[in-house]
Structures are given as C-alpha cells and as structure tokens.
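User: Please take me through the side-chain contacts of the structure below, with the criteria behind each assignment.

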Amino acid sequence: MVFWLLAVLLVAVIYYVNQYYLNYWKRLGVPQHDAPTFLFGDIANQFFGSKISIGETFNDFYNRFKHNKIHGLYFSYRPSLIVNDPEVVQEVMIKDFTSFHDRGLFVDTEIDPLGAHLVLLGGQKWRDLRGKLSPIFTSGKLKGMYPIIRDCAKTLQDYLVNKTENTKQFEFESRDLFARFTTNVISSVAFGIENDCINDRENIFGLAAILRKFRYELVDRSMMHTEMKFDPDQFILAPKTSVVLRATAR
C-alpha cells in the first residue's frame with residue numbers, strides 16, 4: 001500500500017514539474033504550442049529517428065507560427081522564443097543586442113579552437129572578442145571591403161552561369177562551392193591575396209578549405225553533404241525575417 005502511495009505521489013510530482021516548466025510562456029501570456037512533448041519539448045522529432053534536419057525543424061516552426069509576432073517554444077525544458085515581427089527583431093538584433101548575443105550553443109575551445117568565434121561564444125568571452133573585432137568593421141573599412149567582396153561574388157556568378165550555358169540545371173556540392181567562395185573572400189579581404197579558389201581546384205587556399213571538412217568526421221554526413229540544383233533564372237536568396245532566442249527564467 002505504501003509503495004503505491006509513493007508511486008502515485010511520484011507520478012503527481014513529475015506531472016506537476018513537467019507542466020510547470022512546459023507552461024513557462026503561457027504564464028507570461030506568450031502564445032505557445034498546446035502540447036509540448038514530455039522530456040523533449042517541441043523538438044521530439046530530433047530524437048526519434050526523424051530524417052528532418054534542425055534547419056527544417058526551424059523552418060516548420062516559422063511556417064506554423066509566422067502569424068504571431070512572437071511565439072514560445074521549448075528545447076527540452078529550456079524555453080526559447082521565435083520572434084517574427086520586424087520591429088521586435090530590430091530591437092533584438094540592434095538596439096538591445098548586448099542582451100541577446102548568446103546563441104545557446106556549446107563549444108569546447110580546447111578541442112575546437114576555431115569554434116571560438118562570435119556565433120558560438122557567449123558571456124564575457126563574447127564581449128572580449130567583440131571588442132577586438134569591432135574596430136575592424138567600421139563603416140569606412142566595410143566600404144573598402146565591398147568592392148573586393150563584389151568581385152569575389154562576380155567570380156562565383158560567372159562560374160555558375162558558365163556551368164549552365166548548355167543546360168538550365170546542374171548539380172553541385174553546395175558546401176564545397178561556398179567554402180571556396182568564402183575562402184576567396186577571406187584571403188582577398190584579410191590577407192590581400194588575389195586568388196581564384198572557385199575555378200582553380202588546385203589552389204592552395206581551396207585545398208585548405210577542403211581539409212576543414214575533416215573536422216566534421218563524426219557528424220552525420222546527411223546533414224553536412226547537401227546537393228542543390230542551380231537555376232540562373234531563379235537565383236534569389238531571401239532569408240525569412242525571423243530569429244530564435246534562448247530564454248532564461250529569472
């Protein structure tokens with residue numbers, strides 16, 4: 001009898017705690033999903049063999065909740081907030097950015113020192129690095145970088161157009177191509193070295209970009225290797241005006 005009473009009490013406590021944490025946004029008057037999953041919140045599909053990537057999951061969240069200015073989510077029991085309203089996004093990304101710089105992602109700088117950048121760092125480390133990098137990106141210096149970046153983009157555009165002269169579509173490895181484009185930009189802007197990693201497959205900078213792939217040997221290849229079809233008549237990049245924020249209960 002005592003065992004069953006303790007079991008019922010334990011179940012009641014677990015249920016209460018679960019409901020308390022998964023109704024955080026509801027208590028604040030923020031719209032949220034009606035039934036977050038026990039233990040997994042709103043990302044249960046990432047744990048049960050789903051082939052949907054985390055990026056597709058975020059895209060699904062956006063499409064489902066884009067009619068709300070803000071919408072609450074749960075990554076397990078951690079509350080997160082989708083912000084869709086452009087004015088609120090501006091507040092977050094510009095005016096109050098010093099309060100929203102953390103991405104909620106973990107990086108071990110001893111194992112992966114190249115991961116210690118502004119996107120992954122948080123707290124005081126982020127502030128210290130931001131203070132070092134801010135003088136580099138003044139308006140004057142950005143104006144000086146723009147023509148160089150434009151030339152690199154023109155090289156990429158010419159490459160894609162040449163590949164589609166005789167056909168409307170062709171398949172390519174997007175990660176490799178854009179890694180080479182990024183390498184072009186960095187080597188030209190940061191080091192003042194004019195090179196062409198996109199057309200020259202043997203370029204030393206391009207080979208260095210390929211070697212970086214080995215950092216992801218333990219990551220699911222289906223997430224890292226993506227093939228895309230290029231149509232020059234529909235080459236438009238239009239990111240959605242939406243950000244996802246981590247929320248910390250205080």
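Predicted model: local features only at pLDDT ≥ 70, side-chain atom pairs only at ≥ 80, totals over all residues.

User: How many disulfides does a search of the whole structure find?

Analyst: A disulfide requires a pair of cysteine sulfur atoms within 2.5 Å. The closest cysteine sulfur to that of Cys 152 is in Cys 197, 8.9 Å away and too far for a bond. Cys 197 is itself buried, at 0% relative accessible area. The number of disulfides found is zero.

User: Which residue forms a salt bridge with Arg 180?

Analyst: Side chains of opposite charge can pair when their charged atoms come close. The rule for a salt bridge is a side-chain nitrogen of Lys or Arg within 4 Å of a carboxyl oxygen of Asp or Glu. With the closest N and O atoms 3.5 Å apart, the partner is Asp 176.

User: Is Asp 158, which meets Lys 154 in a salt bridge, buried, partly exposed or exposed?

Analyst: The N to O distance between Lys 154 and Asp 158 is 2.9 Å. The two residues are four apart in helix α6 (residues 139-163), or about one helical turn. Lys 154 has 42% relative accessibility and counts as partly exposed. At 31%, Asp 158 is classed as partly exposed.

User: What is the N to O distance in the salt bridge of Lys 95 and Glu 91?

Analyst: Both residues lie in helix α4 (residues 86-95), four residues apart, about one turn of the helix. Lys 95 is exposed at 55% relative accessible area, whereas Glu 91 is partly exposed at 32%. Their side chains meet at an N to O distance of 3.6 Å.

User: How many aromatic pairs are there in the whole structure, and is the pair of Tyr 16 and Tyr 20 stacked or edge-to-face?

Analyst: Rings of Phe, Tyr and Trp (its six-membered ring) pair if their centres lie within 6.5 Å; planes under 30 degrees apart count as stacked, over 60 as edge-to-face and the rest as tilted. The whole structure holds eight aromatic pairs. For Tyr 16 and Tyr 20, the centres are 6.5 Å apart and the planes at 25°, so this pair is stacked.

User: Which residue lies over the face of Tyr 20?

Analyst: Tyr 20 is partly exposed, with a relative accessible area of 41%. A charge sits over a ring if NZ of Lys or CZ of Arg is within 6 Å of the ring centre and within 35 degrees of the ring normal. At 4.1 Å from the ring centre, the residue over Tyr 20 is Arg 27.

Key:
Residues numbered from 1 in each chain as written. Heavy atoms only, no water. Buried < 20%, exposed > 50% of the residue type's maximum accessible area, 1.4 Å probe, protein only.
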